[in-house]
Structure formats: structure tokens, C-alpha cells
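Work through the exercises below with the sequence and the 3D view at hand. Try each task before reading its solution.

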Amino acid sequence: MSVSPPSPDAPHRPRRLGWTLALLAFAQFIIAIDYNIVYVALPEIGRELNFSGQSLQWVVSAYAVTLGGFMLLGGRAADLLGRRRVFVLALVLYAVSSLVGGLAESPGPLIAVRAVQGLGAALLFPATLSLVNTTFAEGPERNRALAVWAAMGGSGLAAGALLGGVLTDVFGWESTFYIFVLLACAALLAAFPLLPSDPARDGAARERRFDLPGALTATAGITLLVSVLAQGPEWGWTSSPTLTAFGLGVALLVVFAVIESRSRDPLMPLRMFTNPSLVAAMAITAVFGAGLGAHYYLLTVYLQDILHYDPLDAGLAYLPLTLLNIVGTKVAERLVTRVGMRAALSTGLLIGTAGMVLLALAVSPHSPFVAVLPGIMVAGLGMGIVWTSMWIAAGNGVAASEQGVASGMASVTHQTGLAVGTALMVAIANAGTGGLHGDALRRELTQGLTTAYYLAAGVTFLGVLVAGVALARRPDRAPGRPLHGSEVAPPDASRPERR
């Protein structure tokens, strides 16, 4: 079987591929942990640093806004400046900002630190994903690598809650920041011996220019829209700040599209939208974020506000989700290779839909945890399958020199979907709870969670239709059949085909 080789940018592949993959998976683990680790520490942070009820949410929102706003810029920076350089820079940002965050004594510096952490993640995620996609050949080899990478991401999302509970209980909220100093430094020490040096820029590469107008308008526009989605429930959806930010964000993205259509070296080449696999990945990442991605918020509310679990117990309750998520990543690898992308995505989304429905049926103010366990496990399996498959789709048929921006494009839609889904779930779960206390509050909140889980199921099922439509022009690949047409990354003239 002929498969497309890895990156034409790289003169050689790393000799220790296993260790290289371990490093890239570890970097993804760092990003994933940072999504959830701070949630269980929020009450203690609010008390010790004197956050107001309104400002405490910015500990989460500052990270989400910069992560979503700078993701596309981070992807292009990896393509133009060098993947290892951006990888290292991102880890340095993580280490320094996390150290400052642990030392913070007031709300302002801590919110600023969370914004810088979000910037670090916006640089690290596309650099890491593009390194996987350019190190491993498209096809079964890359699918296996992405399954490992995705497993670490899925486990990190769940482990973040557990680790946050343990660290907060034992060492205090500061430790949820200091831990990233250790993790980032460990990854930095491994980066130089394991990652290939960024190649010298030849004449054609030196002529490429960073699209500054496109970068500014895209970053500002996306940041404003993510801010609206994250803060809409707090500001009010029809308030002047919300409408102003939304209008300005849309206007900037329109200007960005005009700039890209005329730029000689655009930040995001519009021709990339002719790749059906990438378009499908962008659609599915948005659906995943809005539906299955909101599950972490809903489950945390159920465990802590209804079952009254402490941070450590809530973290332990995520272990079944973590284990089934890891299983799902391995299932995804085999499904994509054997039956094709569309079948793999549809299978994962259907399983995820079933998990959301089971949870909607099981949540109750007085039910034990075992009642929701089947739904958690089914949802975890579906999430693992979809998470892996959608990132495989994002890299298929994309030239090595554009893997970073492709990763950034799919990541932006994921963050946008996550912001939309979480905002909707917050509004639905909290509707009707004002002024209630005790059992009345628990009953109303449970009803809100039930409705939110049904909505998440509907959004997730919508993804099945999206996958079918978006990949309708891209035939699924039968086992043993070479990739062809838009599925194939451009060949590497410096390397012979592997057979």
C-alpha cells in the first residue's frame, strides 16, 4: 500500500519516534489538564483573593477567550516560524505565567495569568498537532499516533478535575498553578533532544510574509465573539456591551475574509475550504464542543451542587469517564483505518448521543452515583471516538506547510462550539433557580440539567447529519486502499514512497 510520507519540510524523521510521540502526547495532556483543573479550586480562589461573585468567572473566561482568539494565529505561527520554536515558546509562557499565578495575591494579576496561559495553549495546541501530522505518514501510522495523542487529551480533561481536587485539598489553590511550572519544564527539557530542528528557510520560504492585517483582524474578531459567548449570560444577551462586541467581531471577520481573498500570502488561505475532510472536521469540532464538550460542566454541577461531592470525590468520579475515553480513542483508530472517516465519526456521535440521553434519564436529586454511571461510561466512549476521528480528519489532505493553520482552523471552531454550548447549558441549568434554597434548589437544578442533557443529545445527533453531508463527496476508504484525490497530502520529492 502506498501512503503519503510525512512532512516535506523536515529533512529527516526523528529516530526515536516513540519518545517523540510521548512528548507530543504529554504536551496535549498539559493543555487538557488546564481546561478543568481550576474549576474545583474556584471557591477557595474566590475566598482567599476576595473575588466578587461577578469577577470570579473571569478566572475561567480569560483563559477561554485568549485560547479561542489566538488559536488561528498560533497555527500560522507554527507553519511560518517553525513548529519546534513555537512549541518551546508556548511552554515557556506556561511555566512563567503559572509561577506568577501561584504567587498572585489579588484578582487582577490572576486573571492576567489565566489569559497568558490561554495564549500559551493557543500556541501549543496547533504546534503539537501539526508536529504529529508532519512526523507520521498519513494513513494507519498517523491514525495510531493521533489515537495516542487524543487518549492523553481525553484523559487529561478528566484528570484535571481529579488533580485539581487533590492539589486544592492537600496544598491549596496555588498548587493548581505551580504544577504547570513542573510539567512545562519537564516538556521543555525533552523538546530539544526529541523534536527535529526547524529547517532552514529556503528562498521560497523566505519570501513568505506574515499576514499582519489578517492576523490582527482575525484575532480581534474571534476574541470579541468568544468574549460575547463566554460572557453573554453575565452581561445579558441584549445588553449594549454584548451587541456592540458581537457587531464589531462580525465586522472584523468580514474584513478578515476580504483581506484573505486579496493577500499574496494569507493567514488562512481560503482554498483550504475546498478540502472536504477539513471542512467536515471544523463542523464536527464545533458540534463536539457544543454538545459533548459541555458534558464536563454539566457533570461537575451535578456532582458538586446536587450530590454535594467535595472536590476530591468529584475528581474521583471522573475516573470512569477517563477510562472509557481512552478506550474510545483506540476504537477510533481502528474504525478510521478499517471502515473510513464518515463511519467512525457517525459511530462516535451516535454513542455520544446515547450517553447524553442516559444521563438525562438518570440525573435525580436523590439517586446514587451508580445511577448515572452507565451514561457517563457510554458518553466517555463516544467522546473518545469522536475526539480522535475529528483531529485525524483535520489533517487529512493538508500540505505539510499548512498543517499548523489547518489545526488552528479546526481548533477555533471547537472553542467556538464549546463557548456556545457551555453558555446555553449554563442558562438552561440555572433557569428558575433564582431565590431557591435546599431541596427546592436541588430539584429545580436537576430539572435544568435534565433539559440541558437532552439538548446536548440533540446537538450531538445533529453531528451525525453534519458528518454525512460534509463527507458525502469524500468516499470512505476501504481497508488496504490507498488514499487518493483530496485525501492525499502533497508528495515529498525528497523522500521515496514507502511501500
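**Exercise 1. The largest pocket**

Which helices each supply at least two residues of the lining of the largest pocket?

Solution. Begin with the conventions. This is a predicted model, in which local features need pLDDT of at least 70 and side-chain atom pairs count only at pLDDT 80 or more, while totals for chains, interfaces and linings use all residues. Residues are numbered from 1 along each chain as its sequence is written, and side-chain values use heavy atoms, with hydrogens and water left out.

Step 1. Helices (H or I, at least four residues) are DSSP runs numbered from the N terminus. On a 1 Å grid over the protein atoms alone, a pocket is an open set of points where a 1.4 Å probe fits, with protein on both sides within 12 Å along at least five of seven lines; lining residues have an atom within 4 Å of a point.

Step 2. List the helices. They are helix H1 (17-36), helix H2 (42-49), H3, helix H6 (140-171), helix H9 (212-235), H12, H16 and helix H17 (403-430).

Step 3. Find the main contributor. H17 gives the largest share of the lining, 8 residues.

Step 4. The volume of the largest pocket is about 1400 Å³, counted as the space filled by probe spheres set on the grid points, which are joined across faces, edges and corners. Of its 43 lining residues, Tyr-39, Leu-42, Val-60, Tyr-297 and Val-426 are the closest to the centre.

**Exercise 2. The nonpolar cores**

Solution. Step 1. State the rule. A nonpolar core is a set of buried Ala, Val, Leu, Ile, Met, Phe, Trp, Tyr and Cys residues joined through side-chain atoms within 4.5 Å. Buried means under 20% relative accessible area, exposed over 50%, and partly exposed in between (1.4 Å probe, protein chains only).

Step 1. Apply the rule. The largest core has 121 residues, and Leu-72, Phe-87, Trp-149, Leu-303 and Trp-391 have the most contacts inside it. A second, separate core has 13 residues, including Leu-42, Ile-45, Phe-51 and Val-113.

Step 2. Look at H16 itself. Of its 27 residues, 20 are buried. From first C-alpha to last, H16 reaches 39 Å, close to the 39 Å expected (1.5 Å times one less than the number of residues). Just after H16, Gly-397 takes a positive phi of about 75°.

**Exercise 3. Contacts of single residues**

Which residues are in contact with His-295, leaving aside its neighbours within four places in sequence?

Solution. Step 1. Locate the residue. His-295 is found in helix H12 (residues 295-306), and His-295 is buried at 0% relative accessible area.

Step 1. Read off the contacts (heavy atoms within 4.5 Å). With sequence neighbours within four places left aside, the partners of His-295 are Leu-321, Met-356, Leu-359, Ala-379, Met-383 and Tyr-453.

Step 2. Repeat for Val-88, which is placed in helix H4 and is buried at 16% relative accessibility. Under the same exclusion of neighbours within four places, Val-88 is in contact with Leu-188, Ala-191 and Phe-192.

**Exercise 4. Salt bridges**

Why does the pair Asp-198 and Arg-85 tie together parts of the chain?

Solution. Step 1. Define the bridge: a side-chain nitrogen of Lys or Arg within 4 Å of a carboxyl oxygen of Asp or Glu. The count comes to 8 salt bridges.

Step 1. Check the pair. Asp-198 and Arg-85 form a salt bridge, with the closest N and O atoms 3.6 Å apart. Asp-198 lies in the loop between helix H7 (175-194) and helix H8 (203-207) and Arg-85 in helix H4 (residues 83-103), so the pair joins parts that are 113 residues apart in sequence. Asp-198 is buried at 17%, whereas Arg-85 is partly exposed at 48%.

Step 2. Contrast a pair inside one helix. Glu-333 and Lys-330 form a salt bridge at 3.0 Å; they are 3 residues apart in helix H14 (residues 319-339), about one helical turn.
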